[in-house]
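Subject: Structure for you to look at

Hello,

Here is the structure I promised to pass on. Please open it and keep it beside you as you read my notes.

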Amino acid sequence: LTATDLDTCERIVFGGEGWDDVPISKAVTASTSLPIVYKPVEVRGRQLVDGGIRSTTNVDIAVEQGAKFVIVVNPLVPYVNDFQKVIPTITGSRVRRVSDMGFPQIGYQAFKLLAHQRLHESVKRWEEKYPGVDIILIEPDPNDELMFDTNIMSFGKRIEIARHGFESVTLRLAKDYDELREVAARHGIEISATRVRKVIRRFAKEREKTRAWRRIFEQTTGALLRQSEEA
């Protein structure tokens, strides 16, 4: 966990020398204290804010501690509009744009674009600086509207986002299975193709079950409406 000193711009590494006695709850609060959204957290007389201000991933800390296989999960991906959705207008309809999602989403798009660009520039530097380290970057698809439209810090959406993330990462694992299996094998990790297929089949069954229940609900609702009209 890291935080940023608001006054000195210094990166604070919790668990590191001199910061290994800070309670985990305090460290997490400081590490996620996004400026403007949350007030700075005071620890030992220093005002700390989100650690991502200095570095989105802090991969260098893991590598310097001896990590040879690092998985980076980055939810901050800008939304690439596929222009498939339309919105109604006075004269008919038109293609929906990001600006139609509201002012907060405009700012969110700009923030994600900056963070995403910085991260991918860092990836290039990692490859040059750490040639013996395997770093896998996991991100949502650019057209993943659920991830774009949902605040990643939303407590109410945590289960939905966690489930969506699990499904999308599993599908990515299946898609790039050969490549990821080879990388993992270099570090003594085995990825089970059987388990991946089993999980994907379960996803399909659950989606079909949901669709079936939706059809039953719609049919039942339609029947009740017809009965009320006849009455």
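**What I found**

Start with Arg201, which is partly exposed, with a relative accessible area of 48%. The model is a predicted one, so please keep that in mind throughout. Arg201 sits in helix α7, which covers residues 193-230. Arg201 also belongs to a positive surface patch.

**A nonpolar patch**

There is a nonpolar surface patch too. Leu1, Ile24 and Val28 make it, and its area is about 280 Å². Leu1 lies in the segment before β1, a strand that spans residues 2-5. Leu1 is partly exposed, with a relative accessible area of 48%.

Now move on to β1. Is it covered on one face or on both? Both faces of β1 are covered. Thr2 and Thr4 are buried on one side. Ala3 and Asp5 are buried on the other.

β1 pairs with strand β2 (residues 11-13). The sense is antiparallel, and there are three bridges. Thr2 has Val13 in β2 as its bridge partner. The hairpin of β1 and β2 has five residues between the strands. Within that hairpin, look for Cys9, whose phi is positive, near 65 degrees.

β1 also pairs with β4, in the antiparallel sense and over three bridges. Here Asp5 has Leu48 in β4 as its bridge partner. Asp5 turns up again in a network of salt bridges, linked with Glu10 and Arg46.

**A second hairpin**

Go next to strands β6 (residues 86-89) and β7 (residues 92-95). They pair in the antiparallel sense over four bridges. Which residue stands opposite Thr89 in β7? The residue is Gly92. A hairpin of two residues joins β6 to β7.

**Salt bridges**

How many salt bridges does the structure hold? There are 13.

Take Lys85 and Glu145. They form a salt bridge, with the closest N and O atoms 3.4 Å apart. This pair links distant parts of the chain, 60 residues apart. Lys85 is in the loop between β5 (69-73) and β6, while Glu145 is in helix α4 (residues 145-149). Lys85 is partly exposed, with a relative accessible area of 44%. Glu145 has a relative accessible area of 19%, and because buried means under 20%, Glu145 counts as buried.

Then find Arg186 and Asp134. Their closest N and O atoms are 2.8 Å apart, and the two form a salt bridge. This pair also links distant parts of the chain, 52 residues apart. Arg186 is in the loop between α6 (177-185) and α7, and Asp134 is in strand β8 (residues 134-138). Asp134 is buried, with a relative accessible area of 16%.

Last, see Lys157 and Glu160. Their side chains meet in a salt bridge, at 3.3 Å from N to O. Lys157 is partly exposed, at 35% relative accessible area. Glu160 is partly exposed as well, at 37% relative accessibility.

**Positive phi in two loops**

Asn58 is not a glycine, yet its phi is positive, at about 60 degrees. Asn58 is in the loop between β4 (46-50) and α2 (59-64). Is Asn58 buried or exposed? Asn58 is buried, with a relative accessible area of 11%.

Phe83 has a positive phi too, near 55 degrees, and Phe83 is likewise a residue other than glycine. Phe83 is in the loop between β5 and β6. At 42% relative accessibility, Phe83 is partly exposed.

**One contact across the chain**

Finish with Asp60, found in helix α2. Asp60 is buried, with a relative accessible area of 18%. Along the chain, Asp60 and Trp126 are 66 residues apart. Their C-alpha atoms are separated by 8.4 Å.

Best wishes

How values were computed. Residues are numbered from 1 along each chain as its sequence is written. This is a predicted model: local features need pLDDT of at least 70, side-chain atom pairs count only at pLDDT 80 or more; totals for chains, interfaces and linings use all residues. Side-chain values use heavy atoms; hydrogens and water are left out. Patches are made of residues with over 30% relative accessible area and no salt bridge: like charges are joined within 9 Å, nonpolar side chains (Val, Leu, Ile, Met, Phe, Trp, Tyr) within 5 Å. Accessible areas come from the Shrake-Rupley method with a 1.4 Å probe; for residues, only the protein chains shown count as cover. A salt bridge is a side-chain nitrogen of Lys or Arg within 4 Å of a carboxyl oxygen of Asp or Glu. Lys and Arg count as positive and Asp and Glu as negative; His and the chain ends are not counted. The place of a charge is taken as NZ of Lys, CZ of Arg, CG of Asp or CD of Glu. Buried means under 20% relative accessible area, exposed over 50%, partly exposed in between (1.4 Å probe, protein chains only). Two strands pair if DSSP finds at least two bridges between them.
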